[in-house]
Amino acid sequence: MMDGVVLQSTSKMFGSTWAVHDISLHIPDGSLTVLLGPSGCGKSTLLRLIAGLETPTAGTISINGRRVDQQPVGKRDLSMVFQSYALFPHLSVADNILFGLQVRKVAKAEQALRLSRVASMMGLENLLERKPSQLSGGQQQRVAVARAVISQRRICLMDEPLSNLDAKLRAEMRQDIRNLQQTLGLTMVYVTHDQIEAVTMADQIVLLNEGRIDQIGAPDAIYSRPATIFAAKFIGTPPMNLVTSATLNAHGETNFPEGSVVGIRPEDLVLDADGPITGHVVMVEYLGADRLVTCKIGVESLIVRTPARSDLPDEGRIRLAYLPDSVHLFDAKSGQRLTQ
Amino acid sequence: MRRTTIYAWLMLLPAMVLLMAFTHYPAIRTIIASLHSTARGHRASVFVGLANYERLLSDDVFKQVLWNNLIYGALTVPVSIAIAISMALLVNYKLRGRGFVRMAYFTPTVLPLIAVANIWLFFYTPGFGLIDQIRGMFGLAQQNWIGQPDTVLYAMMVVTVWKEAGFFMIFYLAALQSISPSLYEAAAIEGASRWTVFRRITFPLLMPTTLFVSVNAAINSFRLIDHIFVMTGGGPNNASSLLLYYIYQVAFREWDTAYGATLTVVLLAILLLLAVGQFFFFDRKVHYK
């Protein structure tokens with residue numbers, strides 16, 4: 001028996017297309033797992049399969065060793081926060097939070113106790129009598145989280161909970177949710193398309209592409225060893241430089257294998273008068289601490305992250321060097337990682 | 001500034017002329033007429049004060065039609081709403097032949113009530129009417145549904161409910177489809193039963209529609225009398241007569257126009273009360289957005 005959520009060859013077909021295809025996955029108890037991918041990659045469908053809002057076409061889902069894929073949604077003992085928050089517009093904040101406890105006929109005194117505890121945890125004490133329409137987006141979001149927390153269910157699913165908030169609030173809520181998950185020891189499955197959210201919050205990232213798992217791993221593992229070109233492109237801002245070996249070999253004193261794609265992260269490149277790669281600067285983007293220098297190498301380009309206080313060479317032509325062991329090699333056809 | 005004011009009045013003019021000519025002016029004329037006697041032969045109409053209203057208080061037929069109308073409204077409004085909601089919930093599910101069922105439910109709305117009343121006349125016919133034929137199969141006795149005072153009003157209500165429920169269903173269907181599915185999903189995650197979901201979420205969220213529909217149904221219960229004309233003529237013994245039908249009889253059969261105007265004022269007052277009630281009472285409780 002394995003604790004947490006286990007998916008085995010889970011698939012879901014809509015019409016004639018696989019929304020989720022052959023996913024096998026272990027979400028450990030008490031961890032925060034992020035399902036990450038571009039829109040249409042099947043991450044939300046996967047979450048809904050775990051929730052029970054969809055039934056899998058094939059494969060199994062078990063929670064704490066118990067098969068649940070044929071169980072109705074209410075019996076799975078998990079909570080969920082929706083992207084739209086799904087607050088009941090006609091109920092007060094208090095009733096929204098208490099809805100599940102009322103449905104399950106938890107004793108009134110217990111309800112009041114849990115409500116006051118959760119309300120103070122989420123900073124909602126003064127808003128309990130309001131209707132959802134009288135709240136700001138961030139407050140609505142906290143109500144939605146409070147509704148999940150008050151259930152005291154061990155597993156919490158979150159479907160892009162921060163996508164409707166502005167950037168500043170999102171950064172705050174990111175930390176709040178992560179703290180909450182760790183304090184309460186929740187098993188959290190968190191869907192997002194935002195790789196920054198994924199990298200900052202996750203214990204484990206499940207990177208999805210076209211309904212399949214592209215790579216599973218801790219954020220730093222995926223960042224430092226992307227398994228595919230897709231993973232290399234998806235994680236990191238700015239994304240990893242990916243250029244064909246042919247271009248690099250033609251414009252530098254390098255010898256990368258033919259038919260491969262070379263990946264080097266912008267921070268692993270340095271402007272170096274003795275470097276092996278030649279190019280010329282086409283654009284400089286100032287970020288405060290850093291500067292992103294876009295260099296043209298033949299028909300392709302490389303982005304270099306340099307400290308903003310270092311000087312740029314006067315003339316456009318430059319030479320680049322890369323840090324040892326920082327090169328990722330991928331097969332150009334399959335997109336799979338080749339080296340190391 | 002002046003120009004825009006004139007412009008605004010000009011824009012309002014067509015609607016205002018129509019409203020005043022065909023709604024406000026007749027209403028005021030009616031009130032004035034109710035304070036006068038009916039002109040007959042050589043006797044011209046004279047001001048009689050509240051005499052017509054005094055007559056109203058001692059008019060047993062008026063009391064009966066008002067009572068009929070209250071029962072009629074009190075039953076047809078909630079029953080047609082309940083049926084409309086049930087039908088809307090049913091055809092909102094993904095069932096096979098949903099389009100056909102929706103159309104079938106809506107058909108009574110499309111058919112003219114006069115024509116429909118004739119069909120119902122056949123249904124109710126004692127002996128060989130549809131209802132009595134079915135009753136006959138179970139060995140039940142013949143019933144003259146619209147010929148006896150204690151059943152006729154209810155028989156009329158059935159026709160009204162049948163006619164109106166499908167129309168109201170359309171409003172409920174539209175309202176149901178505007179409820180976000182994620183609300184139902186959130187409730188499902190909490191393990192709420194179907195009935196709980198309906199009671200705590202669907203029904204409250206349908207309240208604005210229920211208000212709109214109930215006001216319309218209440219107004220219709222005073223307004224829709226085509227089937228009374230065709231099926232019973234208000235009989236037997238005024239048992240199926242409603243206020244508007246009585247007004248018609250008094251004003252255009254007996255040509256007692258002053259008393260007809262008095263009855264009309266009562267009808268206007270009732271409709272006004274309904275509108276005011278909606279505005280001040282329900283509106284606040286229902287709209288939460």
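How many nonpolar, polar and charged residues does the lining of the largest pocket have?

Reply: The model is a predicted one, in which local features need pLDDT of at least 70 and side-chain atom pairs pLDDT 80 or more, while totals for chains, interfaces and linings use all residues. Residues are numbered from 1 along each chain as written, chains are lettered from A and ligands numbered from 1 in the order written, and side-chain values use heavy atoms, without hydrogens or water.

By class, the lining of the largest pocket has 11 nonpolar, 5 polar and 5 charged residues, with Tyr counted as nonpolar and Gly as polar. These belong to a lining of 21 residues, of which Asn92(B), Tyr93(B), Tyr184(B), Arg194(B) and Val197(B) lie nearest the pocket's centre. The pocket (an open set of 1 Å grid points with protein on both sides within 12 Å along at least five of seven lines, lined by residues with an atom within 4 Å of a point) holds about 980 Å³ of space. At least two lining residues each come from helix 3 (60-92), helix 4 (98-110), helix 7 (149-177), helix 8 (181-189) and helix 9 (194-205) of chain B, helices being DSSP runs (H or I) of at least four residues.

The whole structure has 1 cavity of 30 Å³ or more, a cavity being a set of points where a 1.4 Å probe fits but cannot get out, and the largest cavity holds about 50 Å³. Its lining consists of Met80(A), Phe82(A), Arg147(A), Ala148(A), Ala186(B), Ile189(B) and Glu190(B), with helix 4 (137-150) of chain A and helix 8 of chain B giving two or more residues each. That lining divides into 5 nonpolar, no polar and 2 charged residues.

Key
Points joined across faces, edges and corners; volume = space filled by probe spheres on them.
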